[in-house]
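Trainee: I would like a close look at one part of this structure. Please take me through it step by step, and then show me how the rest is arranged around it.

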Amino acid sequence: QLGLKTETLGHTIHFFEEVDSTQRIAAKLAYEGAPEGTLVVAEEQKAGRGRLDRKWFSPKGTGIWMSLILRPPIPPQRAPQLTLLVAVAISQAIQEVTGLVPDIKWPNDILLHGKKGVGILTELQADPDRVHSVIVGIGINVNQTAEQFPEDIRAIATSLAIEKGERIKRAPLIQEILLRIERLYKQYLAHGFRSIKLLWEGYAVSIGKPVTARTLGGTIRGIARGITEDGLLILEDEEQNTHYIHSADIQL
Ligand code: BT5
């Protein structure tokens, strides 16, 4: 039992010992009409995934692997804002529970001392003018030791326990994350993205710095100038051209 303090988020929880991906299950539930706040949590994912069908390593019992259904009344182009909102909420929760100060790397990574500890995957069911549901996938490395990461990501990945130097209880962290998401989400629905954007900027690395952005359309080098009101990255290249980037991998 999680002992939730939220009003709606997480009030229906589908818990699984083992799944392919909580993201797939949540998408199915959303399609079948599951209400906002429905949460799918698993101890282990056999086929956890990142963006572009990349793999998300989700071993048994050491992390938080969960997907949350939201139904915001927004057009699809505003959906990237929710990835950023959730990144802020998770960062706040991590800070509150562990004392660690995370950095957010646009669009969907949370770094602990420069290594990836959290990945967020936001997927939509939408018409061209209206979102039906947003499935927010959250993967948090909580208690892995360095040796428990596969070799190919050992140099870039970390866990809360590695950075904190002690094991972290998962239930209170999930509780705090849902509470923070709910708070920011209410603020977002009532007042828009502006105040969330300010919080986001407080956690963001790479703004004002040179970065390389790998997009599906190609690679752009430049200075990250900030984000737009819709949550796109503003990148200024060497010829002072401004690019608005919807999705990319960013190298610092
Ligand atoms: C992400 O993708 O970072 C989104 C990850 C979302 C995972 C959650 S878990 C619950 C829900 N159910 C799912 O099936 N997924 C969501 P992306 O930015 O594409 O990063 C993927 C890359 O991160 C991989 O190609 C690896 O390099 C690296 N990676 C894989 N597993 C990792 C881990 N456990 N920790 C850190 N990095 C990892």
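Mentor: Start with strand 5, which is covered on both faces. D109 and L111 on one side are buried, and so are I110 and L112 on the other. Buried means that 20 or more other C-beta atoms lie within 10 Å of a residue's own; exposed means 12 or fewer, and partly exposed is in between, with C-beta atoms placed from the backbone. In a regular strand the side chains alternate between the two faces of the sheet. Helices (H or I, at least four residues) and strands (E, at least two) are DSSP runs, numbered from the N terminus.

A word on the source. This is a predicted model: local features need pLDDT of at least 70, side-chain atom pairs count only at pLDDT 80 or more, and totals for chains, interfaces and linings use all residues. Residues are numbered from 1 along each chain as its sequence is written.

Now the neighbours of strand 5. Strand 4 and strand 5 run antiparallel and are joined by three bridges. Two strands pair if DSSP finds at least two bridges between them. I104 stands opposite I110 in strand 5. A hairpin of three residues links strand 4 to strand 5. P107 lies in the loop between strand 4 (103-105) and strand 5 (109-112). The peptide bond from W106 to P107 is cis, with omega near -5 degrees. Most residues other than glycine have a negative phi, and most peptide bonds are trans.

Turn to strand 6. Four bridges join strand 5 to strand 6, and the two run antiparallel. I110 has V118 in strand 6 as its bridge partner. L111 has K116 there. Strand 5 and strand 6 also form a hairpin, with two residues between them. H113 in that turn has a positive phi of about 45 degrees.

Seven strands make an open sheet in the order 1-2-3-7-6-5-4, with mixed pairing. Strand 1 (13-19) and strand 4 are the edge strands, each pairing on one side only. From one strand to the next, the twist averages 20 degrees. Axes are lines fitted to C-alpha atoms, for helices over the stretch in contact, and angles run from 0 to 180 degrees between N-to-C directions.

Next, the ligand. It is surrounded by 27 residues, and the closest are S21, G50, G119, G137 and G139. Here a residue is near a molecule or strand if its C-beta atom, placed from the backbone, lies within 6 Å of it. Helix 1 (22-31), strand 3 (63-70), strand 6 (115-126) and strand 7 (131-141) each supply at least two residues of this shell. By class, the shell has nine nonpolar, 13 polar and five charged residues. Ala, Val, Leu, Ile, Met, Phe, Trp, Tyr, Cys and Pro count as nonpolar, Asp, Glu, Lys and Arg as charged, and the others, Gly among them, as polar.

Look at A26, in helix 1. A26 is buried, because 25 other C-beta atoms lie within 10 Å. Not counting residues up to four places away in sequence, A26 touches V40, S67, I69 and I135. Contact means that two C-beta atoms, placed from the backbone, lie within 7 Å.

Compare two loop residues. D53 is in the loop between strand 2 (39-45) and strand 3. Its phi is near 60 degrees, a positive value in a residue other than glycine. D53 is exposed, because 7 other C-beta atoms lie within 10 Å. S206 is in the loop between helix 5 and strand 8 (210-215). The phi of S206 is near 85 degrees, also positive in a residue other than glycine. S206 is partly exposed, because 18 other C-beta atoms lie within 10 Å.

Now a helix pair. The axes of helix 4 (residues 170-191) and helix 5 (residues 194-203) come within 8 Å and cross at roughly 135 degrees. That makes helix 4 oblique to helix 5. Angles under 35 degrees count as roughly parallel, over 145 as roughly antiparallel, 65 to 115 as roughly perpendicular and the rest as oblique. L184, Q187, Y188 and H191 in helix 4 meet R194, S195 and I196 in helix 5.

Five strands form it in the order 11-10-9-8-12, with antiparallel pairing. Strand 11 (242-245) and strand 12 (249-251) are its edge strands.
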